[in-house]
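Thanks for coming. I will go through one model, strand pairing to begin with and a helix after that. Please have the viewer open.

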Amino acid sequence: MLSPDELPPLDAEEAARSAQLAARIHQRANRQGGWLPFSEFMRAALYEPDLGYYMTDRPILGPAGDFTTAPELSPLFASCLANGLVDLLTQAGGGDIVEFGAGSGVMAAQVLATLARHDALPRRYRIVEPSPMLADRQRRWLERWSGTSALFDRFDWLDSPPAAEWQGVALANEVVDALPVDRFRIAGGGCEAIGVVSTTNGFGWQARRADAPLAGAVEALRKRLPVPLPNAFVSELRLGQRNWIAAATEKLTKGAMLVTDYGLPRAQYYHLSRNGGTLCGYRRHRRVEDVLATPGAQDLTAWVDFSALAEEASACGLDVGGFATQAHYLLSVGIERELARLLEGAEESDRVLHRQAAATLLLPGEMGERFKVLALTRGIDGPVAGFGFRDFTASL
């Protein structure tokens, strides 16, 4: 990973916003005795109104941004996802699609276009976007994309999950990895919280005795692992994800949520070889070593513990409908057919790009195994489309 000094410098506007956000975080730390749980730092760095990474109008996706998601890479991903949604919407009795964190809006466009091709359009396509800047960008892009068609009329924007009862399918692609985490270290049979303190040069790390919620969560984790965690083992926990799942699905009466993200089942996530955890930063498509540097100007992310996510979902009244690697899921919902459709009549240069994108989505060393797909259902009986090729639910 790179240090911030090895990256291009921030422009004046980015630097000013980051400095303003850093000042706010310093003030909060000082009000709390000079120490903040890392989850509070991460929440501010990503979601502070007007200043957090996801709350400004700076580009974050694509070549001009800091990272590229599967829908931005190729239309193959969203087209395959939509193929699976056809059956899921039928099982749900129709209804809406609710997408959390729609990024640029590209996936929403590709999903809706594919569903139109299958004559299986949802009643509404609702985008939950807490960032006014991103919502406005999505709205303008999707309006241009839809042109003279009526597809744009199906879109709604919400700044929080639906408040009224609904049925259908929720989508969360690379959303959970950006939910704040708390860092911990095993120490003396218990655990310490690794938090953030102010320093003369910005922010630094400092460990202290974990509070009851974190200590209890780490103790519960240790009891579920096949091998004891040794002293000095460092990792992270996402304590707030149950609240997120509960809010996201509280009003879902019948349907499913599909979660796609990079992550692992618990036993692999907390394997001794992963001492140090998975937390990292991204800026200009490069991993950044110092996640405390330039708050608001770099993405912060940690892998998803899919076992914990499934358990939290169960506590919220959801069932696990399937769990698979991205490669197995995409193969099951027809990526070979979708690739053949894209290649038909395409220029040779485009054919090369489509094949390269398919390889990135499927290969184990790329996104194929690092990314997983978890189906969470409510009121749906029978198999969920996309998990027939290979279902890894038993590994959770």
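A word on terms: two strands count as paired if DSSP finds at least two bridges between them. Helices (H or I, at least four residues) and strands (E, at least two) are DSSP runs, numbered from the N terminus.

What you see is a predicted model, in which local features need pLDDT of at least 70 and side-chain atom pairs count only at pLDDT 80 or more, while totals for chains, interfaces and linings use all residues. Residues are numbered from 1 along each chain as its sequence is written, and side-chain values use heavy atoms, with hydrogens and water left out.

Start at the hairpin of S6 and S7, which has 2 residues between the strands. In its turn, glycine 188 has a positive phi of about 55°. Arginine 185 sits opposite glutamate 192 in S7.

Now follow S7 onward. A second hairpin, again through 2 residues, takes S7 into S8. Strand S8 is residues 202-209, and S7 and S8 run antiparallel with 8 bridges. Across that pairing, glycine 195 faces glutamine 206 in S8.

S7, residues 190-199, also pairs with strand S1, residues 35-36. These two run antiparallel, joined by 2 bridges. Leucine 36 has valine 196 of S7 as its bridge partner.

Which order do its 3 strands take? The order is S12-S11-S13, with antiparallel pairing. S12 (286-288) and S13 (299-301) are the edge strands, each pairing on one side only. Neighbouring strands here are turned by 35° against each other on average, direction ignored; axes are lines fitted to C-alpha atoms, for helices over the stretch in contact, and angles run from 0 to 180 degrees between N-to-C directions. S11, residues 280-283, pairs with S12 over 3 bridges, and glycine 281 stands opposite valine 288 of S12.

Last, helix H5, residues 106-117. How far apart are its end C-alpha atoms? They are 17 Å apart, which agrees with the 16 Å that 12 residues should span at 1.5 Å a residue; the expected span is 1.5 Å times one less than the number of residues.

Buried here means under 20% relative accessible area, exposed over 50%, and partly exposed in between (1.4 Å probe, protein chains only). By that cut-off 9 of the 12 residues of H5 are buried, so the helix is largely enclosed by the rest of the structure. Among the buried ones are Val106, Met107, Gln110, Leu112 and Thr114. Just after H5, aspartate 119 takes a positive phi of about 55°.
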